[in-house]
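Okay, everyone, thanks for coming.

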Amino acid sequence: MALVVLLLGVGLVQAAILQVNIEPKEVRQGDLMLLQVEGVEGVSLIDGRFGERPLQFFPLPGGGFGALVGIDFEEPPGSRSFAIEVVDPFGRRAEVRGEVEVKGLEFPIQRLTVPKAMAEPDQETLRRIEREIETLKALWAMTTPGRHWQEPFLFPVDGGAEPLGFGVRRIINGEERSRHSGVDIAAPSGTQVFASNAGRVALVGEYFFPGRFVILDHGLGLYTMYFHLQAIMVEEGQLVHKGQPIGTVGATGRATGPHLHFAARFNGSRVDPISLLKLSPSREPPASPAP
Ligand SMILES: [Zn+2]
């Protein structure tokens with residue numbers, strides 16, 4: 001990653017130590033990134049862009065500011081530029097610019113056989129699916145201000161199997177279908193499913209493909225999804241805490257056996273939920289720089 005610090009004001013003390021750390025160190029298609037800006041104590045304004053996207057900063061527990069960026073798994077690989085500007089209480093500005101290289105991934109192909117009614121829905125069912133997709137699209141377009149969570153996200157099933165299948169291209173009954181935008185975690189029916197982090201229950205329901213599902217809104221455009229549930233234990237609008245049981249594993253909707261489909265969206269980008277679990281926003285404060 002190339003990083004350039006530009007000093008636009010005169011005598012802005014913080015500019016000398018303004019630093020951007022990016023997690024993960026190597027960014028790939030489908031990653032959720034955390035940009036952490038350090039050396040900004042006492043600044044009165046922080047603003048930035050990642051490519052065309054505005055960054056929404058929040059204070060980090062260890063000091064400094066963080067902003068999330070989602071790289072949709074179908075975004076082309078390549079270089080992205082970012083710019084972050086800070087302003088101190090005297091109106092003096094400093095700017096950091098840099099580039100992030102997004103690596104391409106080889107997503108495997110998975111062949112599945114499901115009952116004909118699931119692979120080739122009738123006209124009425126197609127209309128239902130269309131309505132369900134529209135409802136979800138409207139949800140992804142909503143960004144609630146404020147952040148419900150402070151701590152890292154947790155794996156939503158105790159003792160669940162290895163999460164599989166993020167981004168795979170699926171050939172269902174011989175036809176190429178939409179790519180798989182979450183991970184599948186195999187677990188016995190009835191296994192408890194936990195909220196990966198604190199949030200508000202944005203939507204519960206029973207849709208054709210997802211089956212019974214819960215979607216949590218964690219604020220600032222970040223959502224997690226829990227599909228194919230047997231039981232749902234929360235209601236829309238309810239606030240949940242990290243680790244709270246929200247339902248149980250099942251095989252409702254288009255599922256070939258009991259498992260949890262766990263997925264994440266950030267500002268509409270389909271990101272690997274496992275990259276969300278790896279983020280550590282509560283890192284230790286940076287060491288004080290030498291005078
Ligand atoms: Zn799935």
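When I say domain, the bounds come from an automatic or database domain assignment. Here that assignment gives domain 1 (3-105) and domain 2 (109-276). Residues are numbered from 1 along each chain as its sequence is written. And this is a predicted model: local features need pLDDT of at least 70, side-chain atom pairs count only at pLDDT 80 or more, and totals for chains, interfaces and linings use all residues.

The contact (C-beta atoms, placed from the backbone, within 7 Å) takes 13 residues from domain 1 and 16 residues from domain 2.

Now, the inside. A nonpolar core is a set of buried Ala, Val, Leu, Ile, Met, Phe, Trp, Tyr and Cys residues joined through C-beta atoms within 7 Å; buried means 20 or more other C-beta atoms within 10 Å of the residue's own, with C-beta atoms placed from the backbone. The largest one here has 53 residues, and Val214 and Tyr226 are among those touching the most other members. Both domain 1 and domain 2 supply at least three residues to this core. Take Val214: leaving aside neighbours within four places in sequence, Val214 is in contact with Val201, Val204, Tyr226, Leu229, Ile232, Val234, Ile246 and Gly247.

Last stop, an open sheet of four antiparallel strands, ordered E2-E4-E8-E7. Strands (E) are DSSP runs of at least two residues, numbered from the N terminus, and two of them pair if DSSP finds at least two bridges between them. E7 and E8 are joined by two bridges, and Phe58 has Gly66 in E8 as its bridge partner.

Notes: Buried ≥ 20, exposed ≤ 12 C-beta atoms within 10 Å, placed from the backbone. Contact = placed C-beta atoms within 7 Å.
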